[in-house]
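Reader: I am new to this structure and would like to learn how to read it. Please take me through a few features in turn.

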Amino acid sequence: MSDQCIIKICLKSDYDVQKELEKLLSFVQNVDKIYYNFYRQEYRSSQRYEDTTWMGIYTEQMAKSLLKKRLRGTFPFFLDVYGTQAGTIREAFTLARLGKTMFLYLILCKENFIIRREAIFLMVEYLIAENVMLIGYCSDLADFWWNEQAGVLESSVWRQRRRRIYASYNTVDYSLEEEKRLFWGDEVLYPASWTSWCNHNFLCESKDRLLEKHKPLFYAKTEIQNGIMLQLYKEIDGYKERKNRLKSQNFYAYLKNNKIFTCGFGKLC
């Protein structure tokens, strides 16, 4: 069990979500660095930067200014706010725009998450109701990418991913293609996590019927405005129990085998 949790959501990039993202950014604490990269739309492996990659001392004003500036345009970009100070539980706000979609990672310490949970979940439901958010999930950070090796609390895959998350980003070799591979992986298409959400306009009727067949596996399946919320087990720390890991493993296999949650993504790439 880790001291952090993660919320990951996929958003349409052609909607104005400046205020909502600023609100989520304000939830992040113990951060002192900001990393930013802005890519040319016609990027190539040898010519992918319009601005030099840079990392600086974080201020909320700077982060909001970058959000405001880049959300107006259509170019891909990557923005990461995170903490480096020893003795603190790291938190982070990471936003990447890739084509017609944006991916947001929000990493919070458990104590902060408990305080912010209601506000975050209300924000998620609002974004789904407004048809801005497509899909997302929330889990313990140690449960992140667990599907690669079910039954192992901290697999080699997790350790490798963790090193990437907290790697030093100040290098001009960090490419948009690498971000695509990191953000556009199976875990967003098959979110077999503690809690997940899906927009009804993204989930076709036939796939929703397949979910209904699997309903006995859920702790809860709740209809929200314009979407659904799924909970596999009662509490976020429940993933460490073997029965819940097996439940998640079975649900992940069911989602992947039936290609649930994948409909529509091809049009967004």
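**Two packed helices**

Author: Helix α1 (residues 18–26) packs with helix α2 (residues 60–71) at an angle of about 155 degrees, and their axes are 11 Å apart. This is a predicted model.

Reader: Why give an angle and a distance for two packed helices?

Author: Two packed helices are described by the angle between their axes and by the distance between those axes. Angles over 145 degrees count as roughly antiparallel, so α1 is roughly antiparallel to α2. The crossing of the two helices, α1 and α2, is right-handed.

Reader: Which residues of α1 and α2 make the contact?

Author: From α1 come Q18, L21, E22, L25 and S26. From α2 come E60, A63, K64, L67, K68 and L71. By kind, the residues of this contact between α1 and α2 are five nonpolar, four charged and two polar.

Reader: Next, a single helix. Which residues of helix α7 are buried?

Author: Buried means under 20% relative accessible area. In α7, residues 205–213, the buried residues are K207, D208, L210 and L211. They cover an arc of only 155 degrees around the axis, so they lie on the same side of α7.

Reader: Which residues are exposed on the other side of α7?

Author: E205 and K213 are exposed there, on the other side of α7.

Reader: What covers the buried residues of α7?

Author: The cover includes strands β10 and β11 and helix α8 (242–257).

Reader: Now a loop. Where is Q225 found?

Author: Q225 is in the loop between β10 (220–224) and β11 (227–231).

Reader: Is Q225 buried or exposed?

Author: A residue counts as exposed when its relative accessible area is over 50%. Q225 has a relative accessible area of 61%, so Q225 is exposed.

Reader: Which residues does Q225 touch?

Author: Leaving out residues up to four places away in sequence, Q225 touches I128 and A129. As for N131, its C-alpha atom is separated from that of Q225 by 9.7 Å, although the two residues are 94 residues apart along the chain.

Reader: Last, the whole chain. How many helices and strands does the chain have?

Author: The chain has nine helices and 11 strands. Of its 269 residues, 55% are buried.

Reader: What share of the contacts in the chain with a separation of 6 or more is between residues 24 or more positions apart?

Author: Residues 24 or more positions apart account for 75% of those contacts.

Notes:
Residues numbered from 1 in each chain as written. Predicted model: local features only at pLDDT ≥ 70, side-chain atom pairs only at ≥ 80, totals over all residues. Heavy atoms only, no water. Axes fitted to C-alpha atoms, helices over the stretch in contact; angles between N-to-C directions. Helix = DSSP H or I, 4+ residues; strand = E, 2+ residues; numbered from the N terminus. Parallel < 35°, antiparallel > 145°, perpendicular 65-115°, else oblique. Left-handed = near helix turned anticlockwise from the far one by under 90°. Contact = heavy atoms within 4.5 Å. Nonpolar A, V, L, I, M, F, W, Y, C, P; charged D, E, K, R; others polar. Buried < 20%, exposed > 50% of the residue type's maximum accessible area, 1.4 Å probe, protein only. Arc of directions from axis to C-beta.
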